Amino acid sequence: MNARTSPDGRGRNRGRKVAVIGSGSWGTTFAKVLSDAGCDVTVWARRPEIASEIQVAKRNSQYLPGINLPKGLQATSDLAAAVHGARLVFLAVPSQTLRQNLIDLEPFLDHRSVLVSLVKGVEKSTTMRMSEVIADTLDVGPERIAVVSGPNLALEIAKEQPTGAVASCADLAVAQEVATAASAPYFRSYVNTDVVGTELGGVLKNLIALAIGIVDGVGYGENTKAAIITRGLAEMTEFAVASGADPTTMSGLAGLGDLIATCQSPLSRNNTAGRLIGQGYTQEETREQMQQVAEGITSVHPVLELAREREIVMPIVEQVQMVLAGTMAPKNLGPHLATEDAVPQPELTLGAAQPGRWRRFLDLMKGNRA
């Protein structure tokens with residue numbers, strides 16, 4: 001099989017200029033994927049010393065210790081240089097700084113560039129998804145906004161352990177372009193046009209991973225974790241469908257696939273944060289130990305705000321918020337509140353919300369705290 005027809009897309013990516021904004025573990029790893037797929041890749045690092053290490057030594061010892069980066073991978077701390085000539089601009093920055101990063105980036109963007117979010121979070125101040133933040137900040141159409149999501153633990157991918165992801169854009173041709181750019185020998189990218197579902201899968205699974213980490217830190221076993229994962233997927237699906245997503249997306253890589261990886265791996269930042277909290281560490285102590293952002297912690301509140309607006313009941317996510325707020329002991333978190341009253345409920349209800357369900361759930365929680 002020659003390079004032109006190679007399934008990893010290297011031949012088709014020859015001469016394709018792309019940029020990655022952000023040099024943390026995921027940004028650097030995805031830059032490696034793009035480079036291994038045959039793209040000409042430049043990483044932007046906020047800190048000049050990280051850009052210099054990637055550029056000269058082909059290492060990022062702070063975020064990916066022990067990983068050798070491709071020889072052709074370029075890095076800079078100059079935004080203009082990073083995005084110059086780039087058709088695809090991949091965004092791998094913390095969700096709460098994305099808007100400011102976009103403002104800084106805007107003067108240097110080509111009017112034909114596609115912005116591709118790798119960020120799995122919700123903006124706390126607006127409850128916007130990252131694609132919505134891009135549209136709101138840059139005033140670009142949906143055909144210039146894409147997202148990539150899936151079971152993507154950075155260190156495993158950096159070690160070239162095989163996995164996959166979904167590239168999504170309202171314009172299928174653009175989704176295919178993004179998927180081609182991000183198809184390396186060990187990384188397969190699929191496509192869909194369900195931006196809402198693809199993005200929400202990456203956001204919501206972080207909240208369930210926090211719950212799994214908490215009960216793991218407490219010392220609960222596999223039954224508890226399996227029940228939380230399953231009930232968590234039901235919460236994710238109901239929320240996503242109420243937000244306009246295709247329910248099948250939640251059973252794919254961006255939903256169930258990402259949920260499994262994030263919940264079961266010690267490499268998951270959200271799982272790790274939850275485990276530390278379950279062991280009794282405060283949020284501040286957890287942040288100090290990890291020295292990385294766990295997006296799930298910042299997403300809990302805005303997701304629950306949106307759930308209330310949509311009249312969607314998310315008992316497990318509500319329990320996570322209570323643990324974070326200190327109003328519930330970690331040992332009391334579990335799937336036993338997956339129905340809001342003593343009457344057995346269906347496992348999954350898609351479509352219109354049932355009136356009063358959220359109120360009944362809140363009343364139950366107040367009773368439990370009494």
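Strand β4, helix α4 (residues 98–105) and β5 form a β-α-β unit that is right-handed, meaning that, with the strands pointing away from the viewer, the path from the first strand over the helix to the second runs clockwise. This is a predicted model, in which local features need pLDDT of at least 70, side-chain atom pairs count only at pLDDT 80 or more, and totals for chains, interfaces and linings use all residues. Residues are numbered from 1 along each chain as its sequence is written, and side-chain values use heavy atoms, with hydrogens and water left out.

Trainee: Through which helix does the chain cross from β5 to β6?

Mentor: Helices (H or I, at least four residues) and strands (E, at least two) are DSSP runs, numbered from the N terminus. The β-α-β crossover from β5 to β6 is right-handed. The helix on this path is α5 (residues 130–138).

Trainee: Are the residues on the two faces of β5 buried or exposed?

Mentor: In a regular strand the side chains alternate between the two faces of the sheet. In β5 (residues 114–117), V114 and V116 lie on one side, and L115 and S117 on the other. Buried means under 20% relative accessible area, exposed over 50% and partly exposed in between (1.4 Å probe, protein chains only). By this criterion, these four residues are all buried.

Trainee: What is the volume of the largest pocket?

Mentor: On a 1 Å grid over the protein atoms alone, a pocket is an open set of points where a 1.4 Å probe fits, with protein on both sides within 12 Å along at least five of seven lines; lining residues have an atom within 4 Å of a point. Grid points are joined across faces, edges and corners, and a volume is the space filled by probe spheres set on the points. The largest pocket is lined by 43 residues, with G24, S25, W26, R269 and Q292 nearest its centre. Its volume is about 1200 Å³.

Trainee: What is the volume of the second largest pocket?

Mentor: The residues lining the second largest pocket include T230, R231, E347 and L348. The volume of this pocket is about 160 Å³.
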